[in-house]
Every structure is written in C-alpha cells, then in structure tokens.
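Hi everyone, thanks for coming.

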Amino acid sequence: MAILEAKNLTVAYYGDIHILKDVSFCAREGRVTAVIGPNGAGKSTLLKALYGLLKPISGSIRLRGEEITECKVHEFIRMGIAYVPQLRSIFPELTVKENLELGTWIFKTDKARVRDAIEGVFERFPMLAQKQGDPAGLLSGGQQKILEIGRSLLTGPSICLLDEPTATLAPRIAAQIYATLEDLKSEKITIVMVDQRVRQAFDIADYIYVLELGQNKADGTRQDFVGRLTETIKGWLD
Amino acid sequence: MNRYSALAWASIAAGLAFLFVVPLLPVSLPYFFYMMFWITMACAFNIIYGFVGYLPFGYVMFYGVGTYVTAVLWSRFHVPIPAAILASGCIGTALALAVAPTLRLRGIYFAIVNFAMAMVLRILVANLPFEWSGGSFGITLSRAYRPLTSYYFMLGLMVLSGLTVLWVSRSRLGVALRCIRDDAAAASVLGINVPVNRLKAWMIAAAIPSVAGGIEAWFTAIVDPATSFNMMVTAKTIVYAMFGGLGTVIGPVFGAVFMYGLDDFIWGRFPVLNLLVLGLMIVFLILFMPRGIAGTALRKWPRLRQVVK
Ligand SMILES: Nc1ncnc2c1ncn2[C@@H]1O[C@H](COP(=O)(O)OP(=O)(O)O)[C@@H](O)[C@H]1O
Ligand SMILES: [Mg+2]
C-alpha cells in the first residue's frame with residue numbers, strides 16, 4: 001500500500017531552474033524503496049522535497065492519502081517520518097549523548113520517555129553507548145553516520161528517509177549499516193533510501209526508482225530490472 | 001553548586017550590592033548608570049547574536065525608538081514616565097515583529113538590511129511633525145528629571161535582562177536557539193520550529209534595549225535623533241558583548257564592565273585618538289580572541305562551564 005507518495009513534483013532552488021521535472025514517486029508501507037541515479041540527478045533534491053525542506057513549484061505530496069505538501073519541516077518528525085540527510089547533521093561540539101537527547105526534542109520534558117528511547121538506541125548500537133560522553137565531532141565518519149541513524153530512530157518513526165547512508169564509508173561500516181536497514185525492514189519500518197552503491201541497493205530494495213537529469217527514467221521491482229541493470233547504469237560514473 | 005559557581009554568585013551579589021549603594025557614595029552616578037546600561041545592552045544583544053547567530057547592525061534602532069516613545073508620550077501626551085517606559089518596550093517589540101520577515105535573510109544580508117532600517121528610522125523620527133519630536137533639536141524632559149529614580153530603574157532592568165539571559169540559556173528555548181545557530185536545517189529536521197524560536201529570541205532581544213532607551217531618555221532628560229540613532233551604540237554593544245564572550249551568560253556582563261571602563265579611560269586620556277584605540281582593540285579582539293574572554297576561558301578550563309554558561 002502506498003504510504004508516502006509524490007505526484008508530478010517540479011522543484012527549483014532558484015527561480016525557474018527546475019532541478020526536478022515532473023517527478024513521481026511512491027513508497028510502499030513496510031518496504032524498502034531505493035532511488036538511484038548518477039551524480040547530480042536530483043536524488044537528494046527529491047528527498048528534501050519529500051521532507052518539506054524545499055517547497056515544490058507544482059505537484060503534491062501525500063502521506064497515507066493525506067495532503068502534506070504545505071507542511072513545515074519541523075512537523076514531519078511528529079508525523080512519524082525521520083530523515084537522515086546526505087551531509088553531516090550532527091552537532092560536533094556536543095557529546096554523543098547530547099546529540100541523542102536533541103533527537104528526542106518532540107518528547108519535550110518527558111524524561112522517562114527520553115531515557116527509554118536513548119536506551120533503545122544504545123541497545124541497537126552499543127558503540128554509541130561506549131562513546132556517549134565523547135564530542136560527536138571526534139567520532140569517525142561511519143560512527144557519525146550511525147549516530148545520525150540512531151538519532152533518527154529515537155522517536156519510533158514509521159518511515160525513514162536516508163540519503164546515501166553508506167557513501168564515503170569503509171566497506172565494513174557500510175555492511176553494518178545495510179544490516180541495520182535489514183533489521184528496520186523486518187520491523188516493518190518503511191525505508192526510502194538514496195544510494196550510489198547500485199548493487200547493494202538492488203540487494204536490499206523492494207522497489208527502485210531511477211532518476212536522471214531530474215526526471216523519472218525508470219522504476220520497478222528488482223525482477224523488472226533483471227537483465228537491464230547494466231544497460232540502465234551504463235555511462236554513470238560510480 | 002561547586003566552588004566556582006559559589007564564587008561567581010558571591011561576586012555578582014557583591015557587585016549588585018555596590019551598585020545599590022552607589023548613589024550614597026562620592027562617585028559619579030552617570031558612570032555607573034551607563035555601566036549598567038551597557039551591561040543591559042550587551043546581555044540583550046547576546047540573545048540574538050550569541051545564541052542565534054544573527055548580527056543586527058541596526059541594533060541601535062530599538063534603543064532609539066525606546067528613547068523617543070518615552071519622550072514623546074511624556075512630553076506631548078502627558079503619560080507618566082513609568083507607563084511611557086513600558087510603552088517603549090511594547091512598541092520596540094512591535095517594531096521587531098514588524099521587521100521579522102528580514103530574519104529570513106542570512107548572515108551579512110540580514111546585518112546590512114537591519115543597518116539600513118536603523119538609518120531609515122532615524123530619518124523618519126527626525127522628520128516627524130515638529131510639535132511631536134522637535135525635529136533635529138529633539139525633546140527635553142527636564143521637568144521629569146529624577147536621576148536617582150531612573151538610576152534604580154536601570155538597575156532593575158539590568159538585573160531583569162541578566163536573569164532573562166540566564167533563563168534563556170538554561171531553557172528549552174536556549175537549546176533550540178543554539179541548535180539553530182549551529183545548523184538550522186538539522187534543527188528543523190529534529191522537530192525544532194526554527195522561525196518561531198528565532199522570532200522569540202528576536203523579540204526578547206528588542207524589548208530590552210527599547211526599555212533601556214526609555215530609561216536612558218529619562219536619566220539624561222533629553223533626546224535627539226543624532227544621539228538616539230547613533231551607530232556607535234550598535235558598535236559598542238557588539239564590541240562589549242564580543243569581548244566578554246558571546247553565547248555565554250556571564251561573558252557580556254564582564255565584557256561591558258571592563259570595556260566600558262577602558263573606553264571611559266581612553267576617552268579621558270586620548271580625546272582625539274579614542275576611536276583609533278577602540279578600532280585597534282576590535283582588530284585585536286577578532287584576531288586573537290574571537291570567542292571573547294569567557295569563551296577562551298571556557299576552552300582552557302571546561303570546568304568553568306557551570307559558572308559561565
Ligand atoms: N543547495 C542547492 N542550491 C542550488 N542548486 C543545488 C543545490 N543542491 C543541489 N543543487 C543542484 O541540483 C542538482 C541535483 O542535485 P542533488 O539533488 O544533490 O543530486 P544527487 O543527490 O542526485 O547527486 C545538481 O545540479 C545540483 O547542482
Ligand atoms: Mg545527493
């Protein structure tokens with residue numbers, strides 16, 4: 001069933017330079033949907049638009065059938081949607097624990113709820129518990145990404161948008177992040193991910209969208225792409 | 001509470017007690033009035049620049065509007081001074097609300113637009129009907145002149161603005177503001193309502209200098225556009241707050257006390273060169289201590305965190 005759906009999105013950062021042109025997208029409940037495409041195709045832009053960080057010039061976004069196109073960014077986490085941007089979004093001078101506490105902002109001053117949520121993340125990622133007193137900026141790139149993913153899970157989202165969660169990471173850490181995504185999938189969390197590692201994305205995804213030059217190039221299930229994959233990604237530099 | 005915070009609170013209490021008895025001592029009342037005025041300005045400015053990272057180059061406009069609202073209400077509409085000062089605060093805050101859309105601008109663009117607004121306001125005020133604002137001659141309030149009472153009003157406002165910064169710093173608002181300063185997009189993704197929190201800080205940062213303007217107009221019993229909209233008010237506020245350490249609670253207080261004292265000293269000794277000396281100090285400050293005294297100390301001795309923040 002469609003849970004997060006975008007219809008005919010046209011999006012620009014400045015004036016009428018349209019970065020996304022008439023893009024449609026649909027994430028199905030409890031499934032992993034991957035967005036792939038060459039650099040600069042507009043994958044990150046699509047996630048930003050889905051999360052209210054960019055208002056589309058035209059088109060609409062629906063959550064469980066309800067219009068959310070005009071919702072403000074800060075409302076999305078309250079609607080059960082989490083987002084891990086491509087670029088670093090932790091606060092480097094704060095400790096790991098403080099970063100996690102910020103992730104529970106919407107719990108206000110409900111201390112018990114905050115503590116339980118953080119305990120849950122520590123169980124999932126013991127490394128974060130070990131490093132909880134360290135400034136987040138001192139963690140390695142992979143650890144910072146895990147901190148961001150952990151932070152996005154604190155509020156128990158039903159949908160998680162992840163923009164290149166494994167890019168620039170060592171293969172071992174990337175594997176750990178893919179394993180986490182598998183866990184989330186088995187917990188029936190809907191995942192939307194942008195990924196440059198096309199093969200891995202195909203391994204984990206139930207449905208794939210291919211973007212090129214800000215437009216839908218192709219979409220379908222893994223089976224739909226059998227035999228066409230090499231042709232699809234031919235010419236991309238990845 | 002550790003040793004350091006006990007010491008800090010004790011010195012603050014001693015300082016306040018001293019300020020309380022200043023009128024009984026053979027010292028200059030204006031000197032200490034203006035010291036409290038600058039502490040107040042630096043604390044309020046800290047809320048918008050230190051906590052949110054917005055640099056309003058036209059910050060003087062809130063002070064300026066504050067002086068004029070009190071002066072006009074008292075002299076033309078016979079509003080009692082305390083009520084007029086309150087009105088200064090309200091109108092200054094309303095002005096902040098009116099120019100709130102400029103908060104959408106970032107960095108230097110916000111600073112410049114704000115600067116331009118202060119200049120526009122100065123021209124507007126100078127060109128109000130003469131029987132209201134007295135044109136470039138301004139307004140005298142000599143019949144309301146009560147230096148002692150206005151001194152204690154300023155003392156009260158200074159304490160209030162210090163407590164406001166302390167409260168902001170320790171509240172959820174302060175957490176939100178620091179996040180917004182460091183990374184507004186990341187803050188909004190966490191569920192922090194960026195525009196609303198920023199607006200709260202902006203309105204608090206505007207209300208305080210507006211009231212301060214009203215009290216200062218009462219203390220000097222004269223207002224005129226050149227003084228009320230003097231860009232040096234903005235410049236000094238920035239320098240004093242920065243010198244002490246933006247984003248900390250105690251820094252701007254310390255910076256204002258020290259720099260105002262130094263400024264006064266330089267004025268007395270080098271009447272011609274004082275601006276040059278001030279300028280050199282600013283350069284030195286930005287080059288060697290961008291985090292100010294408190295910020296630098298905090299880096300060296302993180303244990304001071306409880307005292308400073
Ligand atoms: N903040 C921005 N301002 C202006 N243009 C941008 C911005 N971010 C991305 N773009 C442009 O939008 C296009 C798509 O970028 P992006 O969505 O980041 O691509 P991808 O994530 O697929 O690599 C690129 O041409 C890029 O130059
Ligand atoms: Mg991208």
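In this predicted model, strand E1 (residues 2-12) of chain A pairs with strand E4 (residues 58-63) of chain A in the antiparallel sense, over five bridges. When I say two strands pair, I mean that DSSP finds at least two bridges between them. The names come from DSSP runs numbered from the N terminus: helices are H or I with at least four residues, and strands are E with at least two. As an example of a bridge, A:Glu5 has A:Arg62 in E4(A) as its partner.

A quick word on the ground rules. Residues are numbered from 1 along each chain as its sequence is written, and chains are lettered from A and ligands numbered from 1 in the order in which they are written. Because this is a predicted model, local features need pLDDT of at least 70 and side-chain atom pairs count only at pLDDT 80 or more, while totals for chains, interfaces and linings use all residues; side-chain values use heavy atoms, with hydrogens and water left out.

Back to our pair. E1 and E4 belong to an open sheet of four strands in chain A, ordered E2-E1-E4-E5, with antiparallel pairing. Strand E2 (18-28) and strand E5 (66-67) of chain A are the edges, and each has a single partner strand, so one side of each has no neighbour in the sheet.

Chain A also has an open sheet of six strands, in the order E6-E7-E8-E3-E9-E10, and here the pairing is mixed. The edges are strand E6 (81-84) and strand E10 (215-221) of chain A, each with a single partner strand, so one side of each is without a neighbour. Inside this sheet, E3 (residues 32-36) and E8 (residues 190-194) of chain A pair in the parallel sense over four bridges.

Finally, chain B. Helix H3 (residues 60-77) and helix H10 (residues 194-220) of chain B pack at about 45 degrees, their axes 7 Å apart. Axes are lines fitted to C-alpha atoms, for helices over the stretch in contact, and angles run from 0 to 180 degrees between N-to-C directions. H3(B) and H10(B) are therefore oblique to each other: under 35 degrees counts as roughly parallel, over 145 as roughly antiparallel, 65 to 115 as roughly perpendicular, and the rest as oblique.
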